[in-house]
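Welcome! Please take a moment to look over the sequence and the 3D structure, and then read the briefing below alongside them.

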Amino acid sequence: MKFKKAASVLCIVTFFVWLFNTAGLIYDSFFYSMRDLPQGEFLYSSMSPNGTYTLKMYRVQNNLGTAVRGELVRLEDGQPVYENIYWQVGTDQCIAGWINDTVVSINDISLNVQNPDTFDSRRKTTINQVW
């Protein structure tokens with residue numbers, strides 16, 4: 001009798017663990033957010049040629065390795081708006097420069113900051129990449 005009760009409890013606990021892990025996997029697969037990236041160590045900033053945008057680059061080190069994060073700063077209604085537009089895992093160096101007033105190149109990835117485009121190495125794609 002005790003064995004059947006223990007087996008039933010074990011099955012129920014196993015089911016809920018499986019359900020929780022499946023929900024986490026689905027969330028990670030579909031809802032990667034660049035808003036939740038760690039701050040990191042400030043490397044440098046670069047202002048667009050017309051002075052409208054500022055790109056700030058950061059190096060992030062954690063227990064998973066080293067990454068580079070690019071943050072776009074723009075003014076909206078007189079207030080600065082911060083938005084992560086670049087995230088690359090597995091590197092600790094970055095080369096960034098403005099191609100024109102609205103296109104920035106970071107480690108040979110060109111991003112249009114008006115849309116704004118983003119690059120996330122976890123996704124292995126660039127959204128709205130400028131060729």
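What follows is a short tour of charged pairs, nonpolar cores and aromatic rings.

This is a predicted model, in which local features need pLDDT of at least 70, side-chain atom pairs count only at pLDDT 80 or more, and totals for chains, interfaces and linings use all residues. Residues are numbered from 1 along each chain as its sequence is written, and side-chain values use heavy atoms, with hydrogens and water left out. Helices (H or I, at least four residues) and strands (E, at least two) are DSSP runs numbered from the N terminus. You will also meet the word "buried", which means under 20% relative accessible area, while "exposed" means over 50% and "partly exposed" is in between (1.4 Å probe, protein chains only).

**Salt bridges**

- A salt bridge is a side-chain nitrogen of Lys or Arg within 4 Å of a carboxyl oxygen of Asp or Glu, and by this rule the count comes to four.
- One of them joins glutamate 41 to arginine 59, with the closest N and O atoms 3.5 Å apart. This pair links distant parts of the chain, since glutamate 41 is in strand E1 (residues 41-47) and arginine 59 is in strand E2 (residues 53-62), 18 residues apart.
- Glutamate 41 is partly exposed, because its relative accessibility is 44%.
- Arginine 74 and glutamate 76 form another salt bridge, and here the closest N and O atoms are 2.5 Å apart. Through shared partners, salt bridges join Arg74, Glu76 and Glu83 into one network.
- Arginine 74 has a relative accessible area of 22%, so it counts as partly exposed; glutamate 76, at 41%, is partly exposed too.

**Around arginine 69**

- Is arginine 69 buried or exposed? Its relative accessibility is 2%, so arginine 69 counts as buried.
- Arginine 69 meets glutamate 71 in a salt bridge (3.3 Å, N to O), and glutamate 71 is buried at 9% relative accessibility.
- The side chain of arginine 69 also makes a polar contact with the side chain of asparagine 84, at 2.5 Å. A polar contact is a pair of N or O atoms within 3.5 Å; within protein, one must be able to donate a hydrogen and the other to accept it, and residues adjacent in sequence count only if both atoms are side-chain atoms.
- Asparagine 84 belongs to strand E4 (residues 79-89) and is buried, with a relative accessible area of 12%.
- Contact means heavy atoms within 4.5 Å. Leaving aside neighbours within four places in sequence, asparagine 84 is in contact with residues including Met34, Leu37, Gly70 and Thr118.
- The charged end of arginine 69 sits over the ring of tyrosine 58, 4.2 Å from the ring centre. For this, NZ of Lys or CZ of Arg must be within 6 Å of the ring centre and within 35 degrees of the ring normal.

**Nonpolar cores**

- In soluble globular proteins, nonpolar side chains tend to be buried together.
- A nonpolar core is a set of buried Ala, Val, Leu, Ile, Met, Phe, Trp, Tyr and Cys residues joined through side-chain atoms within 4.5 Å.
- Which residues of the largest nonpolar core touch the most other members? They are Ile85, Tyr86, Val104 and Leu111, out of 15 residues.
- Strand E2 gives the most to this core, with three residues.
- Apart from it lies another core, of five residues, among them Met34, Leu37, Ala67 and Trp87.
- Leucine 55 is in strand E2 and is buried, with a relative accessible area of 1%. Leucine 55 and alanine 96 are 41 residues apart in sequence, and their C-alpha atoms are 8.6 Å apart in space.

**Aromatic rings**

- The structure holds five aromatic pairs. Rings of Phe, Tyr and Trp (its six-membered ring) pair if their centres lie within 6.5 Å; planes under 30 degrees apart count as stacked, over 60 as edge-to-face and the rest as tilted.
- Phenylalanine 42 and tyrosine 58 have ring centres 5.6 Å apart and planes at 70°, so this pair is edge-to-face. Phenylalanine 42 lies in strand E1 and tyrosine 58 in strand E2, so the pair ties together parts 16 residues apart in sequence.
- Phenylalanine 42 is partly exposed at 42% relative accessible area, whereas tyrosine 58 is buried at 7%.
- Tyrosine 86 and phenylalanine 119 have ring centres 5.2 Å apart and planes at 25°, so their pair is stacked.
- Tyrosine 86 is buried at 0% relative accessible area, and phenylalanine 119 is buried at 11%.
- Phe15, Phe16 and Trp18 form one aromatic cluster.
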